[in-house]
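Dear colleague,

Please find below the structure that I am passing on to you. My findings follow it.

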Amino acid sequence: MSKIAVIGVGQTKFSRRPDASIKEIAFEAFKEAVDDAQISTGDIQASIICSATHYDKQRTPAGVIAEYLGLNPQPTFNVEAVCASSGVGLRIGWSFISSGLHDVVAVVGFQKMTELSSAEVQEVMGRSGDVMWESPFGTTMPGYFALYARAHMQKYGTKPEQLAKVAVKNRFYATKNPKAMFQKEITVEDVLKSRMIASPLRRYDCCSNSDGAACLILAREEFARKVTSNPVWVAGLGLASSPMTLTSRDTSLSSFNCSAEAANQAYKMAGVTASDIDLAEVHDCFTITEIINYEDLGFCERGKGGSFAEEGQTYLGGKIPVNIDGGLLAKGHPVGATGASQIRTLVKQLRGDAGETQVNDAKIGLAHNLGGIGMYCAVTILKV
Amino acid sequence: MSFGKFGKVSYVSETKLQEFEKALEAGRIMGTKCKTCGKLYFPPRADCTCMKGDIEWVELKGNCRLLTYSTIYFAPASFRYEVPYILAVAQFEEGPTVLAPLNKDLKEDEIEIGMSLRLIPMELAGGRVIYELRKI
């Protein structure tokens, strides 16, 4: 089987973008990726446009975006897996190339979450669970993850201070990433004093709505070798699902089964184990999610995620650096762009191009992209 | 529609499970059971994933144990005037689990994971029907 590389990456700064439309923010990321790959638009044989479309004013946004990027008449369509949209988009791009259909594919993730009024956002937010059995009681995104946080605390003794450490770390690294939304450090005390959103999760335990786009250019080995001397290879892919309703999941409510399943698939395909990973980007929509991810991905023992964070094992120089670009918590979480942004960070690191936060001799990176309330999970392993 | 009254707000009114709402109005919590494989479902389902059998309605006693909870302070628009409210997941003694509001009169320090609760059918103003978890 031909190897497939990520040959170009691009990303807008994640922030509020009242100055630009979805097409224009997608173009910014796309242009950066095309320039990075040193190819031209005409080399791209298909585009995969990824977003959580319930946030979009534009119905079926792939139509207007492919047009604006100059990608007609090539195939284009939308991929939606909520927060995991562009993680899933990468898998589809990989399949297009590995099937022999195409040689070069663009995966564009975007979201302009501030395009809707706050009343509209709140209405959308009220339907994030099963609308027949759960939304009728006022469930929310933070509320769902708070139910996991409380169960994890009860089962393993995880403490609010340990959750806070995750937010402190990610805010710290965001100050070193010019593309991150938040550029100020915070303390454990700031987190513990912030407003309660859904107990035990406070304001700083939660990521922020944000606008932004990220783009990946994928290519077959033969093409990749022609245009770049430092291709980053897609070595492992995993994609799995869990029931959407909490009541159909494992009653421990302290692990995301789809994460563990997707990770196992990706480790197996890449022929590596958790201890081989030099750095990881994991889906920290909430602080508790990052802690549970450490366990589901096998970075630490089950139940030890809290102390792993507390000991600083996921800082640069620790056992495994995690989210050293700021993560969703501090870089911002424009839903459809997040998965592609995670891959962009890994590609920069594996090329040795990450500046101040460079992980020494990084060879293998892992991205973990969770969708919605934990019903979809894409895990991708990259190698140089 | 006879599912359109279920919940504090309802999004779905058309379903094969209309009996559920009628039973709830009559004060009974119903699940469904597969006549072939015996699997018990709550929330009820019209179809079993074993693909082999018909389902039947069965009443649940409502006795359950608290698995986890959260007090919601930041709510969707339709729940704006209800905050703070507590949502919980509890497991019935018959096995399945339920996500439901926990009675507001309980203070956070009176709540303990593992505590015994009962799921009670309730009628709200305007004829809406819900269930709520209460301490017993």
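How many helices and strands does chain B have? In this predicted model, chain B contains one helix and eight strands.

The C-alpha trace of chain B spans about 45 × 35 × 25 Å along its principal axes. Of the 136 residues in chain B, 31% are buried. When contacts in chain B between residues at least 6 apart in sequence are considered, 45% of them join residues at least 24 apart.

I turn next to the interface with chain A. Here 35 residues of chain B are in contact with 31 residues of chain A. Three elements of chain B give two or more residues to the side that touches chain A, namely β4 (63–72), β5 (85–92) and β6 (97–102). The element that gives the most is β4(B), with six residues. Sorted by class, the side of chain B that touches chain A comprises 23 nonpolar residues, nine polar residues and three charged residues.

For any further work on this interface, please bear in mind that the model is predicted.

Yours sincerely

Conventions
Residues numbered from 1 in each chain as written. Chains lettered and ligands numbered in written order. Predicted model: local features only at pLDDT ≥ 70, side-chain atom pairs only at ≥ 80, totals over all residues. Contact = placed C-beta atoms within 7 Å. Helix = DSSP H or I, 4+ residues; strand = E, 2+ residues; numbered from the N terminus. Nonpolar A, V, L, I, M, F, W, Y, C, P; charged D, E, K, R; others polar. Buried ≥ 20, exposed ≤ 12 C-beta atoms within 10 Å, placed from the backbone.
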